[in-house]
Amino acid sequence: MRLEGTDSSTVEQAARLLAAGELVAFPTETVYGLGARADDDTAVARVFAAKGRPADHPLIVHVCDAAAAAPFVGAPGPMAERLMARFWPGPLTVIVPRAPGIATAAASGHPTIGLRCPSHPVAAALLRAAAALGVPGVAAPSANRFGRVSPTTASHVEAEFDASLAVLDGGACPVGIESTIVDCSRGRPVLLRPGTLASRDIEAALGEPLQARDDDAPQAPGTLAAHYAPNARVRLMATPMLRDAVALLGGNAEGVAVYSRTVRPAGRTITHRTMPDNARAAAFELFAVLRELDALGAKLIWVEQPPDTPEWDGVRDRLQRAAAA
Ligand code: TXA
Ligand code: MG
């Protein structure tokens with residue numbers, strides 16, 4: 001069931017569904033989320049079931065502002081406070097110590113909780129309307145089945161779940177890849193997942209360097225090596241290797257799609273999409289392109305390695321995970 005995101009009466013309707021413990025898919029600036037009220041473990045269990053997500057992979061709780069985050073947090077600490085003040089609302093998730101007894105299922109029982117205040121106007125309106133009905137926050141993973149490519153349009157969500165799911169339509173998500181996640185619960189700030197925010201801006205707000213994730217940390221989706229996978233096999237290739245591979249293919253290109261910035265397969269049968277030169281533009285379209293190439297029947301997607309510069313960290317991370325599947 002698709003609901004128009006810009007219509008306040010359908011946003012109200014979606015908020016009432018959340019308040020009643022039902023699931024609602026909604027747009028954020030990053031990707032669409034599959035939401036349930038975070039304080040209702042039974043509602044949250046439906047999210048895990050609908051996604052086919054293992055119960056030990058925690059969800060992010062979405063709130064309408066920093067004040068609304070307070071009930072979920074044991075003690076935020078100065079790192080999380082600085083990040084929330086600088087980047088909320090926006091595509092940043094902070095991991096903080098969890099207040100005992102709340103959002104236990106959303107946190108998969110972990111002593112920490114991920115919190116995010118999205119800037120998308122439809123998400124903001126939904127969270128405010130739900131809060132007015134007593135919903136303290138909305139636990140929402142990306143609205144895709146476990147391990148699949150995150151959805152950036154309402155149609156992508158509808159392709160993942162059955163038609164009875166309420167999907168608030170807010171158009172194409174402007175950022176296009178999931179939020180940056182910074183773990184603030186371990187004394188030093190740790191970058192768990194790169195997004196589109198620049199690490200140097202995060203470090204400037206923190207006043208200290210971000211640590212790299214250590215691989216002893218609890219594993220969870222999005223931090224698994226293989227994730228974000230389309231049906232086709234993805235191969236990431238350095239530019240010269242891709243150029244040679246395309247040349248060797250000749251006319252025998254059935255089932256092969258190429259997504260590249262500088263390598264242009266000459267005409268013929270090769271399905272080709274041009275990756276934008278700009279990292280933000282590439283992030284915006286990345287998941288939609290992977291889904292489109294799947295829909296065209298590609299068996300193999302050859303992707304040109306993005307530039308090795310910080311602004312490409314988020315896109316590179318998602319492509320590496322897609323290629324690891
Ligand atoms: O942009 C986003 O973050 C989107 C939109 C819907 O907000 N959400 C999203 O959720 O990407 P999901 O569930 O697909 O990815 C959440 C990531 C997972 O990698 C999970 O392990 C991590 O957040 N996470 C959540 N809570 C955590 C916690 N307490 N400790 C460590 N990682 C956590
Ligand atoms: Mg996800």
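Is Cys-173 buried or exposed, and what is its relative accessible area? In this predicted model, where local features need pLDDT of at least 70, side-chain atom pairs count only at pLDDT 80 or more, and totals for chains, interfaces and linings use all residues, Cys-173 is buried, with a relative accessible area of 1%. Here buried means under 20% relative accessible area, exposed means over 50%, and partly exposed lies in between, with a 1.4 Å probe and protein chains only. Residues are numbered from 1 along each chain as its sequence is written, chains are lettered from A and ligands numbered from 1 in the order in which they are written, and side-chain values use heavy atoms, with hydrogens and water left out.

The secondary structure of the protein chain consists of ten helices and 15 strands. These elements are DSSP runs numbered from the N terminus, with helices (H or I) of at least four residues and strands (E) of at least two. The C-alpha atoms occupy a box of roughly 60 × 45 × 30 Å along the principal axes. For 325 residues, a compact globule would have a radius of gyration near 20 Å, and the value of 20 Å for the protein chain agrees with this. The radius is taken over C-alpha atoms, and the globule rule is 2.2 Å times the number of residues to the power 0.38. Of the 325 residues, 54% are buried. The accessible surface is about 13,100 Å², and carbon and sulfur atoms account for 54% of that surface; such areas come from the Shrake-Rupley method with a 1.4 Å probe, and for residues only the protein chains shown count as cover. Contacts (heavy atoms within 4.5 Å) were also examined by sequence separation. Among those between residues at least 6 apart in sequence, 66% join residues at least 24 apart.

An open sheet of four strands has the order S12-S15-S13-S14, and its pairing is parallel. Two strands pair if DSSP finds at least two bridges between them. Strand S12 (233-237) and strand S14 (271-274) form the edges, each pairing on one side only. From one strand to the next, the twist averages 20°. Axes are lines fitted to C-alpha atoms, for helices over the stretch in contact, and angles run from 0 to 180 degrees between N-to-C directions. Within the sheet, strand S13 (residues 256-260) and strand S15 (residues 300-304) run parallel and are joined by four bridges. Val-258 has Trp-302 in S15 as its bridge partner. Helix H8 (residues 239-249) packs on the sheet and touches S12, S13 and S15, with a direction at about 140° to that of S15. Helix H10 (residues 313-324) also packs on the sheet; it touches S12 and S15, and its direction makes about 130° with that of S12.

A search of the whole structure finds zero disulfides, a disulfide being a pair of cysteine sulfur atoms within 2.5 Å. For Cys-173, the nearest cysteine sulfur belongs to Cys-117 and is 16 Å away. For Cys-184, the nearest cysteine sulfur is likewise that of Cys-117, at 15 Å. Cys-184 is buried, with a relative accessible area of 6%.

Backbone geometry was also examined. Most residues other than glycine have a negative phi, and most peptide bonds are trans. A cis peptide bond joins Trp-88 and Pro-89, with omega about -10°. Pro-89 is in the loop between helix H4 (77-87) and strand S5 (92-97). Ala-103, although not a glycine, has a positive phi of about 55°. Ala-103 lies in the loop between S5 and strand S6 (112-116) and is buried, with a relative accessible area of 3%. Ser-108, also not a glycine, has a positive phi of about 55° and lies in the loop between S5 and S6.
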